[in-house]
Amino acid sequence: MTKTFFTLLTCLCLRSFAQDSVALKREFANKEYIHLYKENADLAYTAPGGELGAPSKYAINGRLTTAYVLLGSYKSPIAFSVIPDFTVRVRTEFSAAVRTPSYRLGGALYVRLNPDPEHYKYGELAFTHHSNGQDASPYNPDGTINTRTGNFNANYLTLSYRFGDLTPANADGSYYSFNHRAGLQWYKFFRYEPALNEGFGFTRVLYNFSWRKYDEIEKKAKYKPKVKTEKETWRLNTELSYAVNKIPSKNLVNAQKRLNAEINFNYSFPFMHNVFLMAAVGYYGEDNYNIYFQDHYGYVRFGLSSGFLRNRSRHYDN
C-alpha cells in the first residue's frame, strides 16, 4: 500500500512538473514572438531625392510607420497591433508640394504557430485603409486619371504566413536570421474608388525575404564590464508582389504592369543606434503610392531607415 502511494505521488509530481515546463515554454514563446512581430514590420525611411527614376522629380520622400501592440501578453499566443503607415513625396517645386500624400491605417492579428522563437512560424491577417486625402474627381476632363487632386481610396486584407530561422552564435558573438513571408492581398472585398477599375492590381501574390546579421558591440565596456551589447548590423530585404486579377488589355504574363519588386540593403555602423544607411533598387509595375497606380518605372533610393531593430544587452554568463 505504501509503495503504491509513493508511486502515485511520484507520478503526480512528474506530471505537474511536465505541465509547468510546457506552460513556461509557452509563456516564453509568447513573449519572444512579440519582438519578432515588431522586427518583421516594414522599415520607415527618409530618402533625399526620393525614387530616382520616377516620372516626377522629388526633393525628399519619407515613410513613417510603426506598430502599436495593443494585445501582446505572455499568456496568449495571439497578438494584435494597430499600424499607421504614412508616405509623402515632396516635389522639387517652389512650394515643395506634396499634393497627394499616401495614408494607410489598419491593424494586424498575429497567431503563433509553434513554440520555438529560434525557428519561428506564425500567421498574420491585416486590414488596411488606404487613401490620399483628396476629394476631387479621379478623372480629368479628357478622361485621363487625375493624379494632381484626384480622390484615391481603397481597403484591403493581407493574409501572410511568416517563418524564419536564427543561426547559432559564432565565436565572435555574431549570428544571422533568415526570414520569409508568403502572402495574398485582396482589395475587392471592400469599398474602393471605381476609377481603379482602369487597371489596378486588386489581388496580389506576395513574397518577401530578409537576411539579417547581428553582432556583439561595445565589448567589455568599462561602465559595464560584465555586459555585452548586441545589435542588428545589417539587413538585406527582397520584396516581390504580382497582380493576378484581370487587368484591361494586360494578360497574366504582362510583368511590366503586374510586377512590383525591390531589393534594399540597410547597414548600421557600431556607433549608430536603431538606424541604418539605406540603398534600394526596384521596379514599380504599379506605383503603390496611390492615385499614381498607372505609372510603372525602375528606380533607386538612398537615405536612412529605421524600425524595431534588435539591440539588447546581456550578461557575459548568459
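This is a short chat about a predicted model.

Visitor: What should I know before looking?
Guide: In this predicted model, local features need pLDDT of at least 70 and side-chain atom pairs count only at pLDDT 80 or more, while totals for chains, interfaces and linings use all residues. Residues are numbered from 1 along each chain as its sequence is written, and side-chain values use heavy atoms, with hydrogens and water left out.

Visitor: Ok. Where is Glu230?
Guide: Glu230 is in strand 10, residues 227-243. Strands (E, at least two residues) and helices (H or I, at least four) are DSSP runs, numbered from the N terminus.

Visitor: Is Glu230 buried or exposed?
Guide: Glu230 counts as buried because its relative accessibility is 5%. Buried means under 20% relative accessible area, exposed over 50%, and partly exposed in between, with a 1.4 Å probe and protein chains only.

Visitor: Which side chain does Glu230 have a polar contact with?
Guide: The side chain of Tyr175, at 2.9 Å. A polar contact is a pair of N or O atoms within 3.5 Å; within protein, one must be able to donate a hydrogen and the other to accept it, and residues adjacent in sequence count only if both atoms are side-chain atoms.

Visitor: New topic. Where is Leu24?
Guide: Leu24 is in helix 1, residues 2-39. Leu24 counts as exposed because its relative accessibility is 55%.

Visitor: How far is the C-alpha atom of Leu24 from that of Lys75?
Guide: They are separated by 9.8 Å, and the two residues are 51 residues apart along the chain.

Visitor: Now cavities. How many of 30 Å³ or more?
Guide: Two. On a 1 Å grid over the protein atoms alone, a cavity is a set of points where a 1.4 Å probe fits but cannot get out, and lining residues have an atom within 4 Å of a point. Grid points are joined across faces, edges and corners, and a volume is the space filled by probe spheres set on the points.

Visitor: What volume does the second largest cavity have?
Guide: About 30 Å³.

Visitor: And which residues line the second largest cavity?
Guide: Asn30, Ile34, Tyr37, Ser73, Ser76, Pro77, Ile78 and Ala79. Helix 1 and strand 4 are the elements giving two or more residues to this lining.

Visitor: Which element gives the most to that lining?
Guide: Helix 1, with three residues.

Visitor: Last one: where is Leu125?
Guide: Leu125 lies in strand 6, residues 121-131. Leu125 is partly exposed, as its relative accessible area is 38%.

Note on methods
On a 1 Å grid over the protein atoms alone, a cavity is a set of points where a 1.4 Å probe fits but cannot get out, and a pocket is an open set with protein on both sides within 12 Å along at least five of seven lines; lining residues have an atom within 4 Å of a point.
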